[in-house]
Each structure stands twice: as C-alpha cells, then as structure tokens.
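This report covers chain contacts, domain division and model confidence, in that order.

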2 protein chains.
Amino acid sequence: MIESNIIYNDKKDCQIINFENINFKLVSGLSIQHLKIAFKTFGELNADKTNAILICHALTGDQYVTGKNPITNKDGWWSRMVGPNKPIDTNIFFVISSNVLGGCAGSTGPKERNPKTNKPYGGNFPSITIKDMVKAQTYLIDSLKIKKLFSVIGGSMGAMQALQWSIDYPERIETIIHIAGALKHSTQNIAFNEVGRQAIMNDPLWLNGNYHLENKVPERGLSVARMIGHITYLSEDAMHRKFGRKLQSRDIISFGFDADFQIESYLRYQGRSFVERFDANSYLYLTRAMDYFDHSDSYQKSIEFSYKPNNHIRYLIISFTSDWLFPTNENKTIVETLNYLSKQVSFIEIETDKGHDSFLLDEPELDFVTKGFLENNKVLDK
Amino acid sequence: MIESNIIYNDKKDCQIINFENINFKLVSGLSIQHLKIAFKTFGELNADKTNAILICHALTGDQYVTGKNPITNKDGWWSRMVGPNKPIDTNIFFVISSNVLGGCAGSTGPKERNPKTNKPYGGNFPSITIKDMVKAQTYLIDSLKIKKLFSVIGGSMGAMQALQWSIDYPERIETIIHIAGALKHSTQNIAFNEVGRQAIMNDPLWLNGNYHLENKVPERGLSVARMIGHITYLSEDAMHRKFGRKLQSRDIISFGFDADFQIESYLRYQGRSFVERFDANSYLYLTRAMDYFDHSDSYQKSIEFSYKPNNHIRYLIISFTSDWLFPTNENKTIVETLNYLSKQVSFIEIETDKGHDSFLLDEPELDFVTKGFLENNKVLDK
C-alpha cells in the first residue's frame, strides 16, 4: 500500500493528497513522478470501513459531486443524488469523489505544474487511459486505509471507470453501479470526440497545448467542442420539446447569423460558460482516454485474467432509452458478458426522452433503483 | 417571363446565365440587382418541351450532377443516377441542374463580385431562403422557355427546394421526387448547423466574412464544420461497419492526438478536401437557409394559398431507415399532409444502414423506384 506524504485542505474547498517521487507508471509506458489527487468526502467512514462509496465523474465533472461547487458557485453535479436521505445517502455511506487524473480541478493534469520544468505540463502531459485514472484512485483509497469499497458508481466516463475497477481490482469492491456506459467507445463517439479535439487544436491560441505559458486560452475552439458534445448529451426529442424552433427574444427571424433560435443561444451559452471552468488540454486528454477504452477486444483476456474467481461483485447496469451516445445495446453487451461469466448482474433500461444526460437529471426510477440496490446490498452484507 | 441578357459557356465547363438590373427581391426584403446562375443540361429538350427535369442539389452539391466535375476532377455527385439508360435517363429526359443562389460554383453567392462595390460580397451578401433559391431557378427555367417541368427532384436541401417548388409554383410541375427531406428543419439539425457556423465564424481568418479581401481562407473552421456535418450524414451502423475501432496504419495506438483510428483520418480527410472546393461563407448562408425552412407553421396557409386546385403534382416521397438527419417520420409528415390535401402521393421507406447519405450511394431500390416513377408517369402524360 502506497501512502501519501500530505493531505491538505485546498483553498478550493476540497482536499488534496500528494504523492511525491513515486514513479507512477502509465499504460503508455511513460511515468508521472508526482501525483496529486483533489478529492472530497461526504458522510462518515464507519469503524470497520465497510461503507465507503467511490463516485467517478464523467468527462466534464469533478470532485464537487454535491454541496456548493466553489468554482462555478452552483450546486455540485450530482447534488440531487448524493446527500443525507438522498438516493446515495450520506447518513449511511461515506462518499468519496476525486477529480480524475488528467482533469483540471486540482488533480495532476495538463494544467498543473510539471515538477521537472516547474511550468504547466500543457501539451507535454503524457497520454492517459481510464486504467490509469482508476489506478490513481487506488492510491487515494489506500491512503484513506480503505481495503474494500462498498460501491463504485459512475455514469458515462464514470461508468468506464467503474467497469475498469471491476476488471483490475475485483477483490476490492462489493458492488458497482454502472450507468450509461459501454465495453468500448463506439466509432461514432470517437468521431464526435475527434471533431471536438480538432476544434480545439485548430484554434490558433492552442499553441500545441502550451497556451498557459503565453497566458492564452483557446476559448473559441473549446467552446465549439463543448457545443458538439452538448448536442450528443441530449436526445432529439428532448431538444425538440425544450426548444423546438422557438425564436430567441424576437418575433421574427433576423436574416443573419445571430442566434435566432433558442437552441442556438442555449448552445452558445453552454460553450461560453464551459470555457470558464474547464481546461482545453484536459478536454483533449480525457476524450482520448475515453476513445482508447475498449474491453471488447480483450474479452477473452478479461475472462482469463480479470474476471477472476475472487470477483464477487454485484453489478447494477443502467441505461436510458433515448441515450444515443451510450445506447442500451452497448450497456446490454456488458450485461451479456457478465451473465456469460456467471456474475451477479442486474439490469434496468429507464424509459426517458432526456438522452445521455438523464443520469444527471431528475429521473425518479434512477433514484429508486440506486437507493434500493445500495441499501439492500448493505443489509445483505451484514 | 423574365429573360436573360446572356447565356455563355463558362470556362468551368458549364453555362452561366446572367440577369442584369433586375431587382431580384428576397424574402428578407433585401434585393439583388444582378443575378447569375451557373447551370448544366444533359440530354435533349423535346419539341413540345415536356421532358425537362430540374435536379436540385444538396448543401454541398453543385451543377455538376453527372459527368466530370472540373473543380474536383471527380465524377459528378449523382453520376450513378443521371445519364443515358440510368434511373434518370438522359435518353428520355432533358436534365437541368443549377448551382443554387448563395452557392459557390458560379451562381450569385457570397464569393461572387458585388456589382455595387466591385468586390466579393463576403459577409455583406444578403440572407437567403429556400424560397429565394427556387425563385432564382424559375428565372433559369423561364429563359429556357420551359413552361412546365416534368419533374423536380432533390435530396436533403434539394428536397426542400422540390417541396418549395410545389408550394410556390404548383402549376409548373408534373411530378416531384422528394428524397430525405422534411416540412421543417428540426431542432437538432439547427443545432448541428449552428455548431458548424460557430466553428467557421470563430476562425480568426473568417474576418466577419470578408476573408476574400485579405486573401485568407478560414480553412480550419470550415474543415471542422464539414467534419461535424459528415458525421450526421452517416449512420452509426455504417460508420461502425466501415471503420469500427480500426487503427490507421499502426498496430498500436500512439498515445497522442494523431489520427490513431481510421474514422479520425477519414474525417480529417473529409475536412481537408472540402475546403479546396467549398466557400466558407456559402456554408454559412446555405445552412441558414435550411434552418429557416419551415412549412409546418404555415401549414394552414399552405392549404389556403399554396396547395391550390391547380396543383395536380404527382409526388414521390422517399426516406431511408437509418437517416437520423431527415428521418422517416419527418418525411411521413409530408405524406400525411399531402394525403390530407387529397394529393397524389406515393411513399417509400428504403431499408438501408447507410444513413442520410444513402441518396448519393448505391441503393438499387432508389434506382428502381425513381426510374419507374419517372418513366411510367411519362407514359401517363401521353
């Protein structure tokens, strides 16, 4: 077990754990010498340390899962789900949420200082994978002296991390809630990510990733990337229901390129507000990690090496009918694989028109199933 | 009937018809003083002028519908469909194809010279609509002394034009083949167009549309816009079948931002080659015209004013199962409307996994139905 040198409270209302001179080896073969993880915890760890839940965030999430996010001054991204008496009940569970490796909310990532050069990594940050993110999380869990997590929970890129946990560290998890993920990132998803990356890398202020050194930000490229992403998070039906062809503060069309339609204003706003809180390089590195995620090729290997006999994980796989980014059939492939491996797996497809973003939105069925699955499994444990 | 001053052969292997001092009034209220239309014809107009077919191109198409396109040095965009003994048989029909108003292959558009300033219009080009494009086409048809078109045919933005013809000039058409269109541009389609436009307008070389004056081209923005568009033209299944997660000339991933996956190289290539043949401002103006297209609001008006008793058009509406840009249900709305209006309408949904682009690709059912519909209607006419 590797332990940290320091845990300190960060001015950004979270904790930072620091591992120095550790030679953290990445899948790519490169290494990181110093590893910093920004995290938050909610609730109390019980005496036998059996009530810890790790929540893994999606592409643009962070450790501020609930309560006030000091960066945006808004509620945390899963405030409706995590807290006292909420579906992930912090009266019962000790919730840990950390910013992923490669992120931009305090963990080691491209905008952080490279100890070798004393400058931000920028474009020199090494490529990372979901496996690397999860390995970094084990350092944090080790330091918190937790041997076994009661659950690992995540949606989207968070679901990828949960799945990776079950493959690499099955003996360290009781349950997993995997929401709107896949065994592999699909061709279309790679395509959308690639367009977003091209938008960023084509921005003249990107400067090969070294914009921090020149005090520039490739805001326009990042904003376009976010707009593309945002379309894929919604469903056509939800977009139509919410915006239709409604005009923006005008009775008539402008016959120009201002935002005539509400959907245009909405996307522009999404782009603009995103650049205030997110780092363009992190967007590149994290989307790349998602693209590289593929356990469909290593299916046989998974059987032989990963789904070892000591995997007694109880899985809950959740998908949404209108999610076209991580559609039900992709989630079902995981269910099929787990059934084939004779693992304990539950599956629910939730009927909703809210698209991929459903896992972040008001979905009573999601709440109901999550709460029940966690609390009833907790009873089984006793 | 307005007639042209000049029809001349253009060095780009097409004809140009020129209307000077005509005060061509646009839907926006603005006017164009000189109108130039670049067009091509194939086959022979018969003596009673009853065998003329107008083919309307999609967003990035042009007048080079068949034969060699001198700009790209490739076959015309519908070479497989138009020609002697082909589904649109030029042994039987006289085919006319013109570059749309606002386009960039010789017709009046943002890259052409504004006669008032003697400089390219650029960002000062007036906003145009599908209705304006169709009106411009009537000038061409008038000049060719054709009173009634045997058919107006188009896919995607071309389908919008065909539908607009039937609303504005029903007495001038025998038949329409409307492929993969809609009564209105959907919210999601507006959203994708808006992201493409933002990519272009955020390119520092766009210069408020006046890049031509500075001999610049917003290539990067246009290329990203094309990449976004291209994803929407394919289906997830077709993309998966064609590319999957196959790597590009490498056995292993690069752990970087080069094009590791074939889908990435493919999209980058699509972007790169597009900027060689298309004008960024045209992309803005034409996508805007598509966004403004909406006959769902004016449904009642359509009944009262447009679908007049003199509309005896025989309609063929075609959709593709895997088209998510102009899905079957959008096309069916037109069929329903036409049935409600007791018009002669045929409808076919073609089973294919090739997505929206199916209308440009090898689809034997499309050939079969198109050929039969045209030739059997021609017999009916006699």
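In this predicted model, 41 residues of chain A are in contact with 41 residues of chain B, where contact means that the C-beta atoms of two residues, placed from the backbone, lie within 7 Å. The side of chain A that touches chain B draws at least two residues from each of helices H3 (187-201), H4 (219-233), H5 (236-242), H6 (262-277) and H7 (280-292) of chain A. H3(A) gives the most, eleven residues. Helices here are DSSP runs (H or I, at least four residues), numbered from the N terminus.

Chain A is divided into domain 1 (6-185 + 294-381) and domain 2 (189-287), with bounds from an automatic or database domain assignment. Their centres, taken over C-alpha atoms, are 26 Å apart. The contact between them takes 27 residues from domain 1 of chain A and 22 residues from domain 2 of chain A.

The table gives the residue classes of two contact sides. Ala, Val, Leu, Ile, Met, Phe, Trp, Tyr, Cys and Pro count as nonpolar, Asp, Glu, Lys and Arg as charged, and the others, Gly among them, as polar.

| Side | Residue classes |
|---|---|
| Chain A, touching chain B | 21 nonpolar, ten polar, ten charged residues |
| Domain 1 of chain A, touching domain 2 of chain A | ten nonpolar, twelve polar, five charged residues |

Chain A averages a pLDDT of 93, and 94% of the residues score at least 70; pLDDT is the predictor's confidence in each residue, from 0 to 100. The model scores ipTM 0.93 and pTM 0.94. Where pLDDT is low, the predicted coordinates should not be read in detail.

Residues are numbered from 1 along each chain as its sequence is written, and chains are lettered from A and ligands numbered from 1 in the order in which they are written. Local features need pLDDT of at least 70, side-chain atom pairs count only at pLDDT 80 or more, and totals for chains, interfaces and linings use all residues.
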